[in-house]
Structures are given as structure tokens and as C-alpha cells.
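Please take a moment to look at the sequence and the model before we consider them part by part.

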Amino acid sequence: MTGEPRVRVAAIDDDTLIRDGLRVLVPGLDVVAAYRDVDGFLAVRPRVEVVLLDLTLTGTGTDPVLQGTGAVAALAADGWRVLVYTNERRRAVLVACLNAGARGVVHKAEPLPVLAGAAADVAA
């Protein structure tokens, strides 16, 4: 992706490794912000083209957090371009995400260039 503009994204994932690692591991992305929950993201509203959203956000386990298709729907209704980045494999759940407003789905087992390409597609 040399010479091409990088896609500005925010990541919402309760996994620290994902939040911090995307910045280093996916050169096609400009990860400008990372949050462990949707509420934290919405409180700041960073200027990004795509929101990478994990579906399962367990948080600390003490407070309920917005997650799953509810999180997709809330972000999409607020005008964000959502790309689901998840370990979820059940087709019914993934289709429900698309129906809730996600613009794409990438499984976390896919090679990292697939994530960068999907983010570029969603940004476009």
C-alpha cells in the first residue's frame, strides 16, 4: 500500500492486543483511536472513515456494555461506517450484523491485508 493514503479507523475491541496491535501490524490502516467499548468511542467521536467493531465486548464483566448487533445498529444509525472484525462464525449472526448496518465483516483469522482491503472498501 506504499504511496496510497491509509484508511483512518477507530477500533472498538475489549482485547488490548487488538487495540494496540492493529497500529503496528496493519500498515494499510491509520488507527487513530482505540476503545474498549462503544460508549467510550461515542463520547469522543474521533474523525475516522471506518469503525472496526468486535461483536463481543465483555468489558470488565461488572457493567453491561453495548455489543453485538445492538452496537452495530447504534453506530450505523449515528452515521458511522462499521466494519465488523470478529471471531464470530455463525452465519445468522453475521447476516444480522449486515442487516443492522455493518458495511462488511472480516474474521480475525483472515490475513491482515484482508482487513486493510476491507477497510478501504468500506471507506470508499
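Predicted model: local features only at pLDDT ≥ 70, side-chain atom pairs only at ≥ 80, totals over all residues.

I begin with two helices, H3 (residues 68-77) and H4 (residues 91-100), which pack with their axes 8 Å apart and at an angle of about 20 degrees. Helices and strands here are DSSP runs, of at least four residues (H or I) for a helix and at least two (E) for a strand, numbered from the N terminus. The axes are lines fitted to C-alpha atoms, for helices over the stretch in contact, and angles run from 0 to 180 degrees between N-to-C directions.

Residues are numbered from 1 along each chain as its sequence is written, and side-chain values use heavy atoms, with hydrogens and water left out.

How are H3 and H4 oriented to each other? They are roughly parallel, a term for angles under 35 degrees, with over 145 counting as roughly antiparallel, 65 to 115 as roughly perpendicular and the rest as oblique. The crossing of H3 with H4 is right-handed, meaning that the near helix is turned clockwise from the far one by less than a right angle. On the H3 side, the contact is made by Thr69, Val72, Ala73 and Ala76; on the H4 side, by Val93, Ala96, Cys97 and Ala100. Contact means heavy atoms within 4.5 Å. Of these residues, seven are nonpolar, one is polar and none is charged. In this classification Ala, Val, Leu, Ile, Met, Phe, Trp, Tyr, Cys and Pro are nonpolar, Asp, Glu, Lys and Arg are charged, and the others, Gly among them, are polar.

Let us stay with alanine 76, in helix H3. Leaving aside residues up to four places away in sequence, alanine 76 touches Val82, Ala100 and Gly101. Alanine 76 is partly exposed because its relative accessibility is 23%; buried means under 20% relative accessible area, exposed over 50%, and partly exposed in between (1.4 Å probe, protein chains only).

I turn now to charged side chains. Side chains of opposite charge can pair when their charged atoms come close. A salt bridge is counted when a side-chain nitrogen of Lys or Arg lies within 4 Å of a carboxyl oxygen of Asp or Glu. How many salt bridges does this rule give? The count is six.

One of them joins arginine 8 and aspartate 30, whose closest N and O atoms are 4.0 Å apart. This pair links distant parts of the chain, with arginine 8 in strand E1 (residues 7-12) and aspartate 30 in strand E2 (residues 29-35), 22 residues apart.

Another joins lysine 108 and aspartate 54, at 3.3 Å from N to O. Here the partners are 54 residues apart: lysine 108 is in the loop between strand E5 (104-107) and helix H5 (112-123), and aspartate 54 in the loop between E3 and H3. Are these two residues buried or exposed? Both lysine 108 and aspartate 54 are buried.

Arginine 90 and glutamate 88 also meet in a salt bridge, at 2.7 Å from N to O. Arginine 90 is exposed, at 55% relative accessible area, whereas glutamate 88 is buried, at 16%. Finally, shared partners join Arg6, Arg8 and Asp30 into one network of salt bridges.
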